[in-house]
Every structure is written in C-alpha cells, then in structure tokens.
Amino acid sequence: MWKFTSLLVAFISLYGCCTADTSESAHLLVSKRVLNEYVVEGRDLTVSYAIYNVGSSPATSVSLVEETFNSDDFEIVSGQLSVRWQSIAPGANVSHNIILKPLRSGVFNITAAMVTYQPSEDAEQQVVYSTAFGETYVMDSKTFNRKHAPHVLDWGIFGLMTIPTIFLPYAIWYSTHSKYDGSKAKKL
Amino acid sequence: MSWHFIVGVLSLFLSFSVLISAEPCIDAQATSKVYSTANVLLATESVFLVESAVKCSNNPKNLFLYAEIDGNLYPVPKSADNSVHQFSWVKPHKKAKSGAYVINYYDEEGYAALRKAQRSEEKSEQKPLFTVTLNHKAAGREGLWVQTEFIAVTAALLVWWFATVTKNKMQE
Amino acid sequence: MFSILKRLLFLLLLVFPAVIFITNEGLLGVAAEEDEIIDDDGVEDLDAEGDADISDEDEDGKVESEDELGEEPDGPQSTDADTAGEQDVTEEEEPEIPTLTASPDAETTILFTSHPEQEIAAGSIVDCLVGFTNNGKADFVIEALDASLRYPQDYSYFIQNFTARSLNRLVKPGEQATFDYAFKPHENLGGRPFGIVVALYYKDAEGKDWLDSVFNETVTFKEQDEGFDGETFFLYVFVAAMAILIIMGAQYILSSIGKKKPGKPYVEMGTQQKSDVDIDWLPKETTTEFGKNSPRRSPRNRRQKRNPGAGED
C-alpha cells in the first residue's frame, strides 16, 4: 500500500513538474469595484473585491489589506478591511465585500488596495495592487433626497392644504343641492 | 530535472502537511452579524455579508472555515487578527430574491469529508459547525411600493373626474 | 423680381438648416457613438475650420444672389476632400512615427471576467482585467488602457475604437498591478470575426514610451439573442391601447351625433306645451299668431307691418 502511494506521489510530481513550465506559479488579478450608482454621504457605500488566480499553481497566504478609506471620512458599516485566505486554486476566484458609510461629502480619490500572496512554495511574497476606481464625488444627502426620497411628508402636507380649496366649495354646493333637490322631489 | 522532482515532491508533502496541521474545531460558538443590500440605487448588485466571531473550546490555531450555500462550497476569509470570519457574496438584483438563505459552516475536516461525499455522489452526514440564516428582503427603491407622485396624480384625476361627472349631471 | 427673391428666400430657409443638419461640424456619416480616430487629430481642426466656412457661406447666401447657392453644395464636398487629403497626409506620416513595442521588463496578462470563454455577443458589455508585472529595476508609470476592433485581415484598419481609460499609476519594481476596462462592441457587428486589440500604454523611468498589446486576437462575435425586450413589448401594448382609444372615441362621437337630433325638438316644443298654464281664456287669434308670426321666423313681415305705422309715432 505505501509503496503504491509513494510511487503514485512520485509519478504525479514528476508529471506535474516536467510537463509544466519551469516557472509554475500563481498570478493574481485583483478587482476592486464600487457598486454604487450614487455615493451619498450618510448612506451605504458598497465596495466589492474579486481575486482571480490566472496562474498555474495555487496562491497561498493571500492577504488583502485595504487602507485607502481612512476612518475620519468613512465609517465601517459591515465587513472587515483586512482579510486572509488560506489559498486560491488556479483558475478559481474569491470575493470579498465591505460596506462603508461616507461621513462627509466632497471629492475622494479611491486608490488601489494591496494584496500579498505567495506565488509558489519557494518564492517570496508578491505584492499586487487592485484596480483603482479613481475620483468619486460623494454627494450630500440633501441633494440625493431631493431627487430620490419618497417625499411622503411633503405630499401629505400638500394634500392637507388642498382639502380646504376642494372641499369647501363642494360642501357649499352639496348643502344647496340637497335643499333644492328636496323641493324638486316634491313637485314630481 | 532532479531539482524539479524534489521541489514537486516537497510541495506535495507540504500541501498534505498543511491540511493535516489544521486542527478541527470542537464545540463551535458563533455570533454572527448579517447585512444585505436594501437600496437599488446604492448598489448595482445585491451584496450579502455574514460576519461571524467563532469560539472553539480547543482554541485551534489557523482555523479556516468553509461555507456551504445551495450545495456549493466556498472558502471563508478571516480578518487579520483571526477573530472574525466574513463570508460574502454578490448576486444581481433580479436573482437575489427575498427569503431565507441558509449557510452552513464547516472546518477543514468537514470540508474534506463533504468534498469526498460530493465526488462519490452520496449524501453526506457531516454536521456543520454552525449555521447562519440570512433573511433577505429584495432590494428596491426607498419608500412605498407606489411612488407618492403617482398617488397624488391619481387622486387629482379622481377628483377632477368626479367633479366633471357631477357637473354634467347637473347640466342635463 | 420680387417673386424671384421670395422664392430664393424660401429655398434658402429650407437649405440652410438642411446643410447644417447634414454637415454637423464637418463630419459626414460618422456614427455618434464612435470615437475620433487617433490618426485624424489634425483632421478635427480642419473640419472645425471647414464648418466655419460653411456657416459663413450660409449667412452670406441669405442676402446675396443665386450664385452663392451654387457654392453651398460644394461645402460638404470640400470638407470631404479635406478629410481625404488629411488622411493621405497622415498615411504618409505613419512611417515617420516609430512603432511602439512592449518593454522586456514588463509582463502583462488579461482575463475577461464577463466572458470567460471569450464567447462574446455583440452589443453586450465586455469586462476585462489586465495584470501588469514589473520585472525590471525601475518604476513604470502606466498611462492609459484602451481597446479597439480591427479588420481581421488588416489590423491597421480600425472598425471601432473605444475611449481610452487614463490610469496614471506607478508600479514599483517587483510589484504587480491590476487594471480594469469595459467596452461594448456594437450590436451590428454580430456574427462576424473581428480582431480585438487591448492596448496598454506606459512609460518607463527614463520617459520612454512603451505600448503592449495585451490582447491581440481575432474573435468571432455571436449574434445577440433578441431576448424578451420589455421596451418593444410595452410599445406594442401602447399602440394597441391608442388604437382602442381612437375606436372608442369615434364610437362615442358617432353615437352622440345620433343623440343630438331627438334632443333639439325637445327644446323647441317646450315653449308650446306648458301644461300648467291655462290659455283657453285667450282669443284664438292670439295663440295661432304666436305660432305663425313669431318675430324669429318672419322679420321681414314684422318690418313691413311696422313701417306704415312708423309715421304715426
């Protein structure tokens, strides 16, 4: 049994080593996307990371470090800014998401996050930077609400204000109508 | 040629050893926080997030979890200080329907057992370390189901129609 | 003479907006969504001048005689000749511009995230990630990333050129960076093979320009499935609703015309049939005269009757 497994191991490693390139390593591509259509102060900002391994061997000790959102301007709603994976298989991808909340409006430059990984067993740590979104404009909540809030209160107040103009004439008409309606019924 | 052979054998042994060194988690206690996208304007796709702080009675080092949802297994990344395991996924809004999403968490042993069962296509009896249920309400616009402006317009039209009908009745 | 001027003015009022509409800043027949071709940077300026010429001609033509009218159709043709001339010039200039190559110190890879098998349907958005590795000893500055569709038999002929994305990112030696790019091939290009070129422009620490064609292959686009298009469906529903509305409106109008005829005599007879007023005590002549000689019916009789009596007052 052991002879068989050792032979098998030897065969697999031979096959793997000699048929592949001399440099069999992992290569990671990291995409960082802001999923928001509008980035609004005080509302959720969704950032989605995807790490793809386009190399031919698993990437080990993958560590994603996000330091571009400083705590003065962004509050973490949900998610961890720095996470680690044990390994990413070749051809596979992993994803990570965080939810932030901008604390003030203005222009922010969203730069790249850093991922470090080990491309192969005997290699050093490789640093790869993600995609950078660039400059985004965080709009203040007043502007956003003007366009997208349901305005229930505003319409409610408007309805209350229209009630006198509509119902007072109706009431007057109805009282006179009922008076004269009664007399018509008598004649008939 | 021989150097590559040695490296290959070493890497295989190392990968086996990594698997073996991961200790199983006994008596998992997990507190989880969940998040899912609520507003369509603030995210072009629906994001589901589960953050779990896991405590095992045997305090294993290098605990890495795997999450199983809808029969698919995914590795769960953990925070740099090893305290929180965060599992998240992204789905287009149309596919992210309302309902309860059940996520089962397994440690390495459980993961290996599940994969074996999946490969041999038999139902696995493996019990998850813990389970998290995410109740998601499909993301939509803020506010009422019908836009308030629509309600205002229909109310105005109704009033106008009633007034016109009454006026015509009076004129006959 | 005056009629000729009037006719001329009428014609000019038609031709002037037509010319402006057709020429549209001197670019004839170029689709709005496409980009300016990089080679024709010089042409843009010339076209701007050409447009100014046309507008000047039009303004002059309004006041002056018919001779100006003859020149206007030449306007668009002249810009056409200009663009042709400019293109000839740039073609001659091409061998003078050194062709850019990829730096030996850099490696690039590409991954199409939205279409992993590279089965792209024309009209769908293609997302890709470009990885850049700096294997050298100096920094690289990545400037821009763009994509273009080329004629498969001749890669120097651009069919569709997509807007470049400017990146301006620094990559230190030994580091890797990722860039993303998205483009949408035009829907009409489905079913045919095209060469897709995704190009990365970067500079090294000495300021030398490099260009790496990260993806340089011929891909056949699939036809886009005419999926259930919500818009066209609702368009048909709207047209059907309008048709039904028109039919109902016509029906209503026809029926209301039919109702009005019996309505009229009802109003007229009302004055003659007052059942609550007893007119038996009136002499017969007065009641019959009410019916015959109402002033509305015979104003002439009334006038004749009065006139002989006018002298009495």
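What share of the contacts in chain A with a separation of 6 or more comes from residues 24 or more positions apart? In this predicted model, such residues account for 73% of those contacts. Chain A holds three helices and 11 strands. Read from the N terminus, its elements follow the order α-β-β-β-β-β-β-β-β-β-β-β-α-α. Of the 188 residues in chain A, 31% are buried.

Within chain A, four strands form an open sheet in the order E1-E3-E7-E5, with antiparallel pairing. Strand E1 (28-34) and strand E5 (74-78) are the edge strands of this sheet, each pairing on one side only. On average, and with direction ignored, neighbouring strands of the sheet are turned by 30° against each other. Strand E3 (residues 45-53) and strand E7 (residues 93-102) of chain A run antiparallel and are joined by eight bridges. In this pairing, Ile51(A) stands opposite Val94(A) in E7(A).

Ile51(A) also belongs to the largest nonpolar core of the model, which has 45 residues. The residues with the most contacts inside this core are Leu28(A), Ile51(A), Val115(A), Val130(C) and Ile142(C). Apart from this core lies another, of 35 residues, among them Phe74(A), Leu63(B), Leu65(B) and Tyr66(B). With residues up to four places away in sequence left out, Ile142(C) touches Phe132(C), Leu167(C), Arg169(C), Val171(C), Ala177(C), Phe179(C), Leu200(C) and Tyr202(C).

The contact between chains A and C takes 13 residues from chain A and 11 residues from chain C. On the side of chain C that touches chain A, the elements that give two or more residues are strand E1 (106-112), strand E2 (126-134) and strand E6 (176-183) of chain C. The largest share of this side, five residues, comes from E6(C). By class, the side of chain C that touches chain A comprises four nonpolar, four polar and three charged residues. E6(C) also takes part in strand pairing with chain A: strand E10 (residues 126-129) of chain A and E6(C) pair in the parallel sense over two bridges. Here Tyr129(A) stands opposite Ala177(C) in E6(C). Ala177(C) is likewise one of the residues that Ile142(C) touches.

In chain B, helix H3 (residues 148-171) was examined for its length and its cover. At 1.5 Å a residue, the 24 residues of H3(B) should span 34 Å, and the end C-alpha atoms are 35 Å apart, so the two values agree. H3(B) is hardly covered, as the count of buried residues among its 24 residues is zero.

Two residues of chain B have a positive phi without being glycine. Asp27(B) has a phi near 60°, a positive value in a residue other than glycine. Asp27(B) is found in the loop between helix H1 (2-21) and strand E1 (29-36) of chain B. Asp27(B) counts as exposed because it has 9 C-beta neighbours inside 10 Å. For Asn62(B), which is not a glycine either, phi is positive at about 55°. Asn62(B) lies in the loop between strand E2 (45-55) and strand E3 (65-69) of chain B. With 12 C-beta neighbours inside 10 Å, Asn62(B) counts as exposed, because the cut-off for an exposed residue is 12 or fewer.

Terms used
Residues numbered from 1 in each chain as written. Chains lettered and ligands numbered in written order. Predicted model: local features only at pLDDT ≥ 70, side-chain atom pairs only at ≥ 80, totals over all residues. Contact = placed C-beta atoms within 7 Å. Nonpolar A, V, L, I, M, F, W, Y, C, P; charged D, E, K, R; others polar. Pairing = 2+ DSSP bridges. Expected span 1.5 Å × (residues − 1). Buried ≥ 20, exposed ≤ 12 C-beta atoms within 10 Å, placed from the backbone. Core = buried A, V, L, I, M, F, W, Y, C linked by C-beta atoms within 7 Å. Axes fitted to C-alpha atoms, helices over the stretch in contact; angles between N-to-C directions.
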